[in-house]
Amino acid sequence: MNTSIGIHQFMPDKVWKWKILEHKIAHILSLHDYQEIRLSVLQDYHVIHQGITALMQEDEALTATQAIVNLSQPNGDLSLLTLRPEGTISVLHHTASIIKDRDVHRFYYLGPMFRKEEHEAPSEFHQLGVELLGSDSVMSENEVISLAMKILQGLGLRDARLELNSFGCSSCRPAYVSDMKTYLQKHENVLCEHCFNTLYTNPFADTHCTDSKCTAIIDKGPKIMDYLCPRCKQNFSKVKKVQANLAHQYTVKPSLFKNFAYYNETVFDLVLSSNGGVQVVGGGGRYDYLSQMITGKNIPAVGFLSEYRQHL
Ligand SMILES: [Zn+2]
Ligand SMILES: [Zn+2]
């Protein structure tokens with residue numbers, strides 16, 4: 001049942017479907033040594049706020065923090081608790097508290113998350129998050145991508161495909177960002193304000209703009225693939241090679257953007273064909289710099305998320 005404020009309750013006629021889904025996912029993940037973490041639905045406002053502002057650029061962070069659903073007392077006082085908007089921040093804090101040199105941890109979590117879009121009531125959606133922490137080897141990208149494909153195939157989505165891109169690393173990315181900013185400034189009078197501001201803040205963002213003038217300019221702009229350093233280039237071709245060997249269908253999509261600037265190197269979307277179009281059912285990538293910003297500990301990581309917004 002959907003209530004008017006976008007929260008869900010599931011009655012027995014729907015619960016059995018959730019149980020099958022959860023059981024299949026848990027089975028595949030446990031075969032690959034991923035351990036479940038059950039995060040509290042209530043989170044410390046300061047921890048989430050600090051995490052989100054650390055991992056995004058200023059404007060993006062403002063939008064993201066406005067999307068957090070905070071609890072308030074009937075008299076209007078805000079409490080210091082917030083409804084869980086995502087899981088990565090808590091997983092990184094947990095891992096930072098237990099990790100030792102060369103440890104690799106494999107975790108996943110599953111359950112409701114809450115966010116609030118501008119001018120809309122809070123809404124609940126269900127998210128699966130899978131994270132491999134402590135390895136900077138390109139094989140960990142391949143492990144997580146392959147696992148994501150295995151889960152989709154295990155759920156009967158046999159035509160699932162991959163879209164791949166690389167966001168480069170801290171040594172090759174700055175030249176791209178700088179050239180992109182110069183390019184955007186040159187075309188500022190043609191681009192809509194939203195595209196210019198969004199991309200100037202984060203050149204990897206998806207602006208969701210459908211104005212053909214904007215898309216034409218963005219398409220002709222600098223491409224990160226032309227800026228990758230030898231190491232990033234080599235890692236990206238290893239990802240493609242392993243995925244091809246596993247018979248996973250993929251396309252390299254230079255326009256695959258993420259609205260979180262924290263990803264580096266491999267990023268991917270999991271897509272299905274639907275009604276002549278494409279439906280993105282999940283995605284993720286490597287995020288080696290995020291833990292340092294949030295926990296102060298350097299933990300290379302790669303993960304993926306899959307969200308479900310309607311009820312089954
Ligand atoms: Zn690089
Ligand atoms: Zn635009």
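These questions and answers cover helix packing in a predicted model.

Biologist: At what angle do the axes of α5 and α9 cross?
Modeller: Helix α5 spans residues 138–154 and α9 spans residues 230–245. Their axes come within 9 Å. The crossing is right-handed. Its angle is roughly 40°.

Biologist: Which residues of α9 make the contact with α5?
Modeller: On the α5 side, the contact uses Val138, Glu141, Asn142 and Ile145. The residues of this contact divide into four nonpolar, three polar and two charged. The α9 side consists of Asn235, Lys238, Val239, Val242 and Gln243.

Biologist: Is α2 roughly parallel or roughly antiparallel to α3?
Modeller: Helix α2 (residues 45–55) and helix α3 (residues 58–66) have axes 8 Å apart. They pack at an angle of about 150°. Angles over 145 degrees count as roughly antiparallel. Therefore α2 is, relative to α3, roughly antiparallel.

Biologist: What handedness does the crossing of α2 and α3 have?
Modeller: In this pair, His49, Ile52 and Thr53 of α2 meet Ala61, Ala64 and Thr65 of α3. The contact residues divide into three nonpolar, three polar and no charged. The crossing itself is right-handed.

Biologist: Which elements are among those covering the buried residues of α4?
Modeller: Helix α4 runs over residues 88–98. Its buried residues are Thr88, Ile89, Ser90, Val91, Leu92 and Thr95. The cover includes helices α2 and α10 (290–295). It also includes strands β2 (42–44), β5 (105–115), β6 (123–133) and β11 (301–308).

Notes
Residues are numbered from 1 along each chain as its sequence is written. Chains are lettered from A and ligands numbered from 1 in the order in which they are written. This is a predicted model: local features need pLDDT of at least 70, side-chain atom pairs count only at pLDDT 80 or more; totals for chains, interfaces and linings use all residues. Axes are lines fitted to C-alpha atoms, for helices over the stretch in contact, and angles run from 0 to 180 degrees between N-to-C directions. Helices (H or I, at least four residues) and strands (E, at least two) are DSSP runs, numbered from the N terminus. A crossing is left-handed if the near helix is turned anticlockwise from the far one by less than a right angle, and right-handed if clockwise. Two residues are in contact if their C-beta atoms, placed from the backbone, lie within 7 Å. Ala, Val, Leu, Ile, Met, Phe, Trp, Tyr, Cys and Pro count as nonpolar, Asp, Glu, Lys and Arg as charged, and the others, Gly among them, as polar. Angles under 35 degrees count as roughly parallel, over 145 as roughly antiparallel, 65 to 115 as roughly perpendicular and the rest as oblique. A residue is buried if 20 or more other C-beta atoms lie within 10 Å of its own, exposed if 12 or fewer, and partly exposed in between; C-beta atoms are placed from the backbone.
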